[in-house]
Amino acid sequence: MRSQLVEARFKAAASEGKLRAQLAEAEETALASATERDAAMEAKLRTQLAEVRKRSAADLAELRDQLTDAEEKAVTAEAALRAELTEAKSKTVTAESSLRAELV
């Protein structure tokens with residue numbers, strides 16, 4: 001009876017050791033797998049970030065071009081309006097002078 005108990009304890013200890021080794025191996029495999037997945041995800045995110053930065057730079061360049069065009073059009077429009085205003089003032093002065101001459 002005593003020998004059976006010793007043998008059962010020995011088998012239990014051996015089984016426990018084997019299970020602990022299997023658990024350690026499974027944990028190691030899981031960690032390695034998670035690390036690989038994390039590395040793959042990081043690479044994917046870095047690629048996406050690079051693409052977003054590239055698109056953002058292109059969008060910014062396009063917006064700057066549009067702003068430059070808009071500013072040039074505004075300057076041209078302002079110059080044309082100033083010319084019209086000057087012409088209108090000139091006509092007003094001429095008309096005013098004519099009216100004064102008629103009143104005299």
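**A pair of charged side chains in its setting**

Tutor: K91 and E87 are 4 residues apart in helix 1, and therefore about one helical turn separates them. Please keep in mind throughout that the model is predicted.

Let us now consider how open the two partners are. K91 has a relative accessible area of 54% and is therefore classed as exposed, because that class begins over 50%. E87 has a relative accessible area of 45%, so this residue is classed as partly exposed.

R20 and E16 both lie in helix 1, and their spacing of 4 residues is about one turn of the helix. R20, with a relative accessible area of 56%, is exposed, whereas E16, at 40%, is partly exposed. Another salt bridge links K11 with E7, and here the closest N and O atoms are 3.3 Å apart. K11 and E7 are also in helix 1, and because they are 4 residues apart, about one helical turn lies between them. E7 has a relative accessibility of 43% and so counts as partly exposed.

Charged side chains also gather in another way. D59, E62, D65, D69, E71 and E72 form a negative surface patch. Patch residues must have over 30% relative accessible area and no salt bridge. D59 has a relative accessible area of 45% and is therefore partly exposed. D59 is found in helix 1, which covers residues 2–103.

What does the chain as a whole contain in helices and strands? There are 1 helix and 0 strands. The radius of gyration is 44 Å, well over the 13 Å that the globule rule gives for 104 residues, so the chain is more spread out than a compact globule. The C-alpha trace spans about 145 × 20 × 5 Å along its principal axes. Of the 104 residues, 0% are buried. The accessible surface of the chain comes to about 9700 Å², and carbon and sulfur atoms account for 60% of this area. Finally, the chain carries 17 positive and 20 negative side chains, and the centres of these two sets lie 10 Å apart.

Methods: Residues numbered from 1 in each chain as written. Predicted model: local features only at pLDDT ≥ 70, side-chain atom pairs only at ≥ 80, totals over all residues. Heavy atoms only, no water. Patch = residues over 30% accessible without salt bridge, like charges linked within 9 Å, V, L, I, M, F, W, Y side chains within 5 Å. Areas by Shrake-Rupley, 256 points an atom, 1.4 Å probe, with all protein chains shown as cover. Salt bridge = Lys/Arg side-chain N within 4 Å of Asp/Glu carboxyl O. Lys, Arg positive; Asp, Glu negative; His and termini not counted. Charge placed at Lys NZ, Arg CZ, Asp CG, Glu CD. Helix = DSSP H or I, 4+ residues; strand = E, 2+ residues; numbered from the N terminus. Buried < 20%, exposed > 50% of the residue type's maximum accessible area, 1.4 Å probe, protein only. Rg over C-alpha atoms; globule rule 2.2 N^0.38 Å.
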